[in-house]
Amino acid sequence: MPKVTFIEHNGTRHELDADSGLSLMEVAVANSVPGIDADCGGACACATCHVYVDESWLGKVGDKTDMETSMLDFAEGVQDSSRLACQITLSAELDGLIAQLPESQH
Amino acid sequence: MAEAIQVPTASDLPDPWTVPLDKMNVANAELFKHDKHGEYFRRLRKEDPVHYCPDSEFGAYWSITKFNDIVAVDSNHKVFSSQDNIVIGDAEPEFLTPMFIAEDPPKHDYQRKAVTPAVTPGQLADLEGLIRQRVCALLDDLPVGERINWVEHISKELTTQMLATLFDFPFEDRHLLPYWSDASTTSPAVGAPDVTYEQRHEILQECLNYFGRLWQERAEQPPKFDFISLLAHNPKTKDMIKDPMEFLGNLILLIVGGNDTTRNSISGGVIFLNKFPKEYDKLRADVSLIPNMVSEIIRFQTPLAHMRRTALEDIEFQGKQIKKGDRVVMWYVSGNRDEEVIDRPDEFIIDRDKARHHVSFGFGIHRCMGNRVAEMQLRILWEEIMKRFHKIELVGEPERVTSNFVLGYTDVPVIVHAK
């Protein structure tokens, strides 16, 4: 069971046990992590689950699809480490993953 | 001999469950005017969720009626194009007003990005104090205990003030904004009766002239965060003024986007709390439900009934053969009542779980850019209403507009009761 950590914009940490196969967004929503809206429910269609993946994990979370790139293009405060949490599927390989939350979702 | 004018009534509408499916035309604006559209869409979701209407006043069109199918079409902009047309009726070729909601990438992308800074959460946080002040002033001025039209007193005025702020529009002329907004949405292309294209053009020309002057003024001033200044100073849009129809198109987009939609959700909220009085009780008992209620209001109202796409290639979708060039209409008003995605969809439930999971803002690259402005206005309004009033009582049936696009109200008769 991989562990993941969400760090809110104000520094509050949420260390969670997650089931492999779930998306990073689903884990946040199931544990009521504030700051992830996930309006579209995981369809890569709204960009309200924007997170910053910790640099050391960026190579392991998989590549962005064209759609994710398009959606992130219209999000606020986008950086190189920006991802949509609904597009990252958890596995044993991602045990220890750290994701920071932006100040707000647009 | 003069012919009698026939005003269509609700009883002239075909029976939703017995009309042959190939004769089913859910784009008939009278359905929305009389609030009778619900059963027609319920039948389509059940019997033919991707439905082809071969013949209508708008031409042939596909209806996409289920939540997840709408998400799929809305997020597939490579096949389902927004180019030139985003409402069911085609724009008039001799009065084309290009706007970024009706463009595909890359033009859509850079025009949208140019104006987005006006409505980011950070920018809105700076505006919250001002908006609250104005809401308080409007509410404190409301006549208590007498019959008033909520639309004119609150819904229209509040959204107009917000829009004037986002454009940094001369405040004393702000009533022009909803006037232009109504002129642009009251079009034969969405089934509105009794208007001609000529009248519409004349009014929109005034809008263009007025904003042309504002543009010149903003271009000469240092950059600011209002829509016009952002467009006038962005390297990729600074020449938009040289294409007056494109300038007008984007003005219409920003005016309508920030006007009709929130206006009608503000009115809708009052209606729903009256039709579901237990929810009003819940709200009185716990005002921390307001942010969740705001999403539920936006779902329940669905201020824009549809968006239209045009297929760029032949595609099989849910077993149906959509052909290149076909009109594809995503009925948000139906997706928001999809029983398979939303629990008890015909009930207004202010503490609904996952209330944000609705299609009113659309999905994909054209998703509503002003969603946070809308939510903020509704939230502040209800926070201040609950501090002041026991009840906004609906005292008659609302009057609805005749359109298959804008779902809204002209008259919402209420009596405001003090605490």
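Predicted model: local features only at pLDDT ≥ 70, side-chain atom pairs only at ≥ 80, totals over all residues.
In which sense, left-handed or right-handed, does α5(B) cross α6(B)? Good morning, colleagues.

Let me begin with the helix pair. Helix α5 of chain B covers residues 121-140, and helix α6 of chain B covers residues 150-167. The two pack at an angle of about 150°, and their axes are 11 Å apart. As to my opening question, the crossing of α5(B) past α6(B) is right-handed. On the α5(B) side, the residues that meet α6(B) include B:Leu124, B:Leu127, B:Ile131 and B:Leu138. Among their counterparts in α6(B) are B:Ile154, B:Leu158, B:Met162 and B:Leu166. By class, this contact of α5(B) with α6(B) comprises 11 nonpolar, 3 polar and 2 charged residues.

B:Arg388 belongs to helix α15 of chain B, residues 371-388.

I turn now to chain A. Its 5 strands form an open sheet with mixed pairing, in the order β2-β1-β5-β3-β4. The edge strands are β2 (13-17) and β4 (82-84), each of which pairs on one side only. From one strand to the next, the twist averages 35°. Within this sheet of chain A, strand β3 (residues 50-53) and strand β5 (residues 97-100) run antiparallel and are joined by 2 bridges. Which residue of β5(A) is the bridge partner of A:Tyr52? The partner is A:Gln100. Helix α2 of chain A, residues 66-73, lies across β3 and β4 of that chain and runs at about 115° to β4(A).

How do the two chains meet? The contact draws 23 residues from chain B and 18 residues from chain A. As a general matter, the size of an interface is often expressed as the accessible area lost when the parts come together. Here the area buried between chain B and chain A is about 1,600 Å², with carbon and sulfur atoms giving 58% of that area. How many salt bridges are counted between chain B and chain A? The count is 5. In one salt bridge, the side chain of B:Lys113 meets that of A:Asp73 at 2.8 Å, N to O.

Over all chains, a search of the whole structure finds 53 salt bridges. B:Glu47 and B:Arg43 form a salt bridge, with their closest N and O atoms 2.9 Å apart. These two residues are separated by about one helical turn, because they stand 4 residues apart in helix α2 (residues 37-47) of chain B.

Finally, some backbone details. In general, most residues other than glycine have a negative phi, and most peptide bonds are trans. The peptide bond from B:Pro105 to B:Pro106, however, is cis, with omega near 5°. B:Pro106 is placed in the loop between β3 (80-81) and α4 (107-115) of chain B. B:Gln318, which is not a glycine, has a positive phi of about 50°. This residue, B:Gln318, lies in the loop between β6 (315-317) and β7 (320-322) of chain B. Thank you for your attention.

Conventions: Residues numbered from 1 in each chain as written. Chains lettered and ligands numbered in written order. Heavy atoms only, no water. Pairing = 2+ DSSP bridges. Axes fitted to C-alpha atoms, helices over the stretch in contact; angles between N-to-C directions. Contact = heavy atoms within 4.5 Å. Left-handed = near helix turned anticlockwise from the far one by under 90°. Nonpolar A, V, L, I, M, F, W, Y, C, P; charged D, E, K, R; others polar. Buried area = accessible area lost by both parts, 1.4 Å probe. Salt bridge = Lys/Arg side-chain N within 4 Å of Asp/Glu carboxyl O.
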